[in-house]
Amino acid sequence: MSLVFAGICSHAPGITGRVNMADRAVTEELYGAYRGMADDLAASKPDALIVVAAEHFANFFMNNMPAFAMGMAESYEGPIEDPKWLGIPHTAVPGNAPLSQQLIREIMQTVDLAYAEEWKFDHGVMVPLSFLTPRYNLPIIPVNINCQGPPLAPLHRAWALGEALRRAADQVPQRIAMIGTGGISHWPATPDSGKINEQWDREFLRRWQSNDKGAMLSYTDEATYRDAGQGGFEIRTFISIAAAARGQGRLQYYRPIPIFSVGCTIANMSIGN
Amino acid sequence: MSMSLYHMQKFLFDINRDRDLQRQFKEDMRDVLNRYALSPEERGALESGDIGLIYVLGANGQLLMHFAALLGMSWVDYIAAMRAGVGRHGPVRAGVYAMTTRLDEKVADV
């Protein structure tokens, strides 16, 4: 039928895995914001949720690394991480293979992407789902952008992917929701973990909320690496959502939480014509 | 990327996602490592679980973070091990996970 919901949120594994090391009041505030997003998502009455996440070497490696990939399975499983380490129990997550196929056919009119009938979810998908669909009863269609192993797809191709996702969502009979997950500035999995460039984050979120395509696509990977760390490459997922939604964003929550290694972010975007 | 760094990371990728390989690694570490074309330094680091050296050799952080968890390391110990590795062996030699903070800096109080 159409795209009925669009949003972005953080997916850092510490959000669920290191909750016992964080300030309780801060965590409750963040978890409340995730619950708010879950309510907004449910109110849109989606038939399926497309999750645009960043590659973390969970499913693909440098022997065969797609710039973009999409799941095409009847069901998925996760988390790939130790469930105790991540704080999320291992579970099966429903997919929708025929819907995936329909979407992929349309996307391929403009964007070449890989597809996979086998896919293990890591924190990039599981952390958001643990809040948004905690009973894992909504069919999920995962989309992966390589933000990990350079050379990475240029930002304008992440935008093109988002445009293609929107076109595809508008062509199927189902009500489609879509989220992008990732960090803005962050230096995860290094001794710098917890370093956050709040000013950079807020400027990126300003560009994202106003859906300023030119400003969002003007970042270079060199400057992003310098100012926002290798984790900043994940802005690709947020940019895809802006391209798909074509609306105006509204920031629901932003707060740097060093023990979670990221400026925790929750925002949604109106669906433009 | 050097060919052996590719293989060290391939090992980390494989073991992080394959529960059978995790079991085999616990039973006979050497047999599993023989399947990968590793430099002596990489092999030694993996055999001894030297997270600091594996980090300095250029292993991707997403791969290393999960491997450290697999070895049972706490978050605090994992961060400390990487920092100590840089102190002992010098800056990270490859990849995009270089350390940019000071050796005595505790970024998130860990």
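Predicted model: local features only at pLDDT ≥ 70, side-chain atom pairs only at ≥ 80, totals over all residues.
Start with the interface. Here 31 residues of chain B are in contact with 34 residues of chain A. The size of an interface is often given as the accessible area lost when the parts come together. For chain B and chain A, about 2,900 Å² is buried between them. Carbon and sulfur atoms account for 63% of that area. Within chain B, the residues that lose the most area to chain A are B:Arg17, B:Trp75 and B:Val96. Together they make up 23% of what that side buries.

Now look at how the chains hold polar partners. Between chain B and chain A there are 12 residue pairs in polar contact, counting pairs with both residues at pLDDT 80 or more. The count of salt bridges between these chains is 0.

Next, go inside. The largest nonpolar core has 89 residues. The members that touch the most others are A:Ile15, A:Leu30, B:Phe11, B:Ile54 and B:Tyr78. Helix H2 (residues 24-43) of chain A gives the most to this core, with 8 residues. Take A:Leu30 as an example. Leaving out residues up to four places away in sequence, A:Leu30 touches A:Ile15, A:Tyr253, A:Ile257, A:Phe260, A:Cys264 and A:Ile266. A second core is separate and holds 54 residues. Among them are A:Ala54, A:Ala168, A:Ala169 and A:Met178.

Helix H10 covers residues 235-245 of chain A. Why is H10 largely enclosed by the rest of the structure? The reason is burial: 11 of its 11 residues are buried, so the helix is largely enclosed. The buried residues include A:Arg236, A:Thr237 and A:Ser240, along with A:Phe238 and A:Ile239. After H10 comes A:Arg246, which has a positive phi, near 55°.

Finally, turn to the charged pairs. Over all chains, the structure holds 18 salt bridges. In chain A, one joins the side chains of A:Glu29 and A:Arg255, at 3.2 Å from N to O. This pair links distant parts of the chain. A:Glu29 sits in helix H2 and A:Arg255 in strand E9 (residues 249-257), 226 residues apart. Both ends are partly exposed: the relative accessible area is 40% for A:Glu29 and 34% for A:Arg255.

Chain B has a local case. B:Arg23 forms a salt bridge with B:Asp20, with the closest N and O atoms 3.5 Å apart. The two residues are 3 apart in helix H2 (residues 19-27) of chain B, so about one helical turn separates them. B:Arg23 is partly exposed at 42% relative accessibility, and B:Asp20 is partly exposed at 45%.

B:Glu41 and B:Arg93 form a salt bridge, their closest N and O atoms being 3.2 Å apart. B:Glu41 lies in helix H4 (residues 40-47), while B:Arg93 is in the segment after H7, so the pair ties together parts 52 residues apart in sequence. B:Glu41 is partly exposed, at 37%, and so is B:Arg93, at 46%. Back in chain A, A:Glu203, A:Arg206 and A:Arg207 are linked in a salt-bridge network.

Notes: Residues numbered from 1 in each chain as written. Chains lettered and ligands numbered in written order. Heavy atoms only, no water. Contact = heavy atoms within 4.5 Å. Buried area = accessible area lost by both parts, 1.4 Å probe. Salt bridge = Lys/Arg side-chain N within 4 Å of Asp/Glu carboxyl O. Polar contact = N/O pair within 3.5 Å; in protein donor to acceptor, adjacent residues only side chain to side chain. Buried < 20%, exposed > 50% of the residue type's maximum accessible area, 1.4 Å probe, protein only. Helix = DSSP H or I, 4+ residues; strand = E, 2+ residues; numbered from the N terminus. Core = buried A, V, L, I, M, F, W, Y, C linked by side-chain atoms within 4.5 Å.
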